[in-house]
Each structure stands twice: as structure tokens, then as C-alpha cells.
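Welcome! Please take a moment with the sequence and the 3D view, and then let us walk through them together.

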Amino acid sequence: MVAACGHTVRNAALHAGRAGLLFWATVTSLGKPQHYVGETIVQARRIGFDGLGLVLLMGCLSGAVMAQQTAYQMSPGLPLEIVGGGVVGGMLTELGPVLTAIVLAGRMGAGIGAELGTMMVTNQIDALLTMERDPVVELVVPRVLAGTIILVPLVILANAIGILSGGLVAFGILDVPAQAYWGGAQGYYHHGALIYSLVKAVAFGFIITFTACYVGLRASGGAAGVGRTATSAVVAIIVAVMVMDAVLGPVYKALT
């Protein structure tokens, strides 16, 4: 048991060190925009268009479910404005950014991990190094920047569609007057909640792409290794997103 614990701690320390080195290499490579701006735009377009439909669908369903559950949990006599406030609060602080991140972890994270993993096991990374081209600048930086930037508008759209779908459910199914729903939504809304949602979007966008790149660049073992890499990337991203979500919660509470 002691040996197993020591092995686990050793592996965790190695991964933390390697991730730290990759992070530093990514940061120092930002001073070479001529090498990654074009690819960043390509990656941002691909991430945004490929994930937009799923993000909007998840946002729509999240708002509808949030409205129903808020109304069902209400005690008799409570004001109906609570439904609007519950939907806005749930979408801005949790459901919008977290579900968007999880959706893109399965789509964008697995794709990046498999793509870089394939390049790793087929020696394409070694070929770049042989030609004196930096894989971090050409492969990691564009994906990390694109994911970090593009997640912000995606989260904004998920929040908006969730609040709108929650209102439609409230009007059409729950018999909540429109004035009561929007009054509750406006009563809850404050700029701090929106800023918190956007901070989460930036943090999750970085986590998704950076983790996928790190896992992809650690791939080995041929075609089977690429499959394991894609799976490992998704699992690692979801765990990292939930840990970051748990860390940011108390910070938000302390600042508001």
C-alpha cells in the first residue's frame, strides 16, 4: 500500500512538473504572434461552429429544467418571481458555463487530444522538431488561445438561450405570468453574476484546451494509444473543470 501511494504521488508530481513546463512554454510563446495568429483564427472558427449547436441545445434544456424544478420546489404562497430569479441565478453562476464546458470537453477536448496524440505516435512532432519548428507555438498556443477566447461568447449564448427557454416554459407550462418571471429575473440579476460567469468561461476554456494538448502530447502506443488519449483527455478535463468550479465558488461568495 505504501509503495502504491508513493507511486501515485510520484506520478502526480511528474505530471504537475511537466504541465508546468508546458504552461511556461505556452506563455513565453505568446510573444511570437506571427506564428500562431492565423491558426488561432482557424481553430476558433472550428471550435465555435462545431460546438454551437450542442451548446445552444444544452442551454435551452438547462433553462427549461431549471424553471420546472424551481417552480416544483416552491412552497405555497411564495411569490412567482422566484422562478425567474432561480433560472437567471442557475444559468449565470453554474449551468451556463459548466454545461458548456462539459459539452465542449467531449467534443473539443477529445478532438484535440486525439489529433495531437495521432501526431505524436506517427512522429509528426519529431518531424517538426527536426525542421526546427516549435510544436508549442504551432500546435498548443493556437488551440489554447482559441478555446479560451471562443468559450466566452458560447457561454453568453448558453446563458441567454437558457433564460429565454426558462421563460417560455414558465409562461406556457407553469402558468407563471410574464411580468412575474421577468421581474424576478431582473431582481436577481447583478453585474457580479455575469462577470463570474465570464470568468468561469475563460478559466474553463483554458483548462479544456490546455489539458487536451498536454494529454495529447503524452500519447504513446500506436492507434490504441490514441484512443486511450482521447478518453483520458475527456476524463481529465471534466475533473479539472469541476475542481476549478469548486474553487471559484467560495471566491465568488467572498467577493459579492
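Leaving aside its neighbours within four places in sequence, which residues is Ser-197 in contact with?

## Starting from Ser-197

With those neighbours set aside, Ser-197 is in contact with Leu-92, Pro-97, Val-155 and Asn-159. Asn-159 also takes part in a polar contact: its side chain and that of Ser-197 are joined at 3.0 Å. You can find Ser-197 in helix H7. Its relative accessible area is 0%, so Ser-197 counts as buried. Please keep in mind that this is a predicted model.

## The overall build

Now step back to the whole chain. The protein chain has eight helices and zero strands, so reading along the sequence gives the pattern α-α-α-α-α-α-α-α.

The protein chain has 256 residues, and 43% of them count as buried. Among contacts with a separation of 6 or more, 85% are between residues 24 or more positions apart.

## Rings that meet

How many aromatic pairs does the structure hold? There are six. A pair of aromatic rings is described by the distance of the centres and the angle of the planes. Phe-23 is partly exposed, because its relative accessibility is 39%. Phe-206 is partly exposed too, with a relative accessible area of 26%.

Another edge-to-face pair is made by Tyr-181 and Trp-182, at 5.0 Å centre to centre and 85° between the planes. Is Tyr-181 buried or exposed? Tyr-181 is buried, as its relative accessible area is 0%, whereas Trp-182 counts as partly exposed at 34% relative accessibility. Going back to the phenylalanines, ring pairs also link Phe-23, Phe-206 and Phe-210 into a cluster.

## The largest pocket

Next, look for the largest pocket, which has a volume of about 250 Å³. Its lining is made up of His-15, Tyr-214, Val-215, Arg-218, Ala-219, Ser-220, Gly-225, Arg-228, Thr-229 and Ser-232. Helix H7 (191-217) and helix H8 (222-255) are the elements that give two or more residues to this lining.

Which helix gives the most to the lining of the largest pocket? That is H8, with four residues. By type, the lining residues divide into three nonpolar, five polar and two charged.

## Two loop residues with positive phi

Finally, here are two backbone details to look for. Most residues other than glycine have a negative phi. Asn-123, however, has a positive phi near 65°. Its place is in the loop between helix H3 (81-121) and helix H4 (124-130), and at 47% relative accessibility Asn-123 counts as partly exposed.

Asp-175 is not a glycine either, and has a positive phi of about 60°. This residue lies in the loop between helix H5 (135-172) and helix H6 (178-188). Asp-175 is exposed, because its relative accessible area is 64%, and exposed here means over 50%.

Note on methods:
Residues are numbered from 1 along each chain as its sequence is written. This is a predicted model: local features need pLDDT of at least 70, side-chain atom pairs count only at pLDDT 80 or more; totals for chains, interfaces and linings use all residues. Side-chain values use heavy atoms; hydrogens and water are left out. On a 1 Å grid over the protein atoms alone, a cavity is a set of points where a 1.4 Å probe fits but cannot get out, and a pocket is an open set with protein on both sides within 12 Å along at least five of seven lines; lining residues have an atom within 4 Å of a point. Grid points are joined across faces, edges and corners, and a volume is the space filled by probe spheres set on the points. Ala, Val, Leu, Ile, Met, Phe, Trp, Tyr, Cys and Pro count as nonpolar, Asp, Glu, Lys and Arg as charged, and the others, Gly among them, as polar. Rings of Phe, Tyr and Trp (its six-membered ring) pair if their centres lie within 6.5 Å; planes under 30 degrees apart count as stacked, over 60 as edge-to-face and the rest as tilted. Buried means under 20% relative accessible area, exposed over 50%, partly exposed in between (1.4 Å probe, protein chains only). A polar contact is a pair of N or O atoms within 3.5 Å; within protein, one must be able to donate a hydrogen and the other to accept it, and residues adjacent in sequence count only if both atoms are side-chain atoms. Contact means heavy atoms within 4.5 Å.
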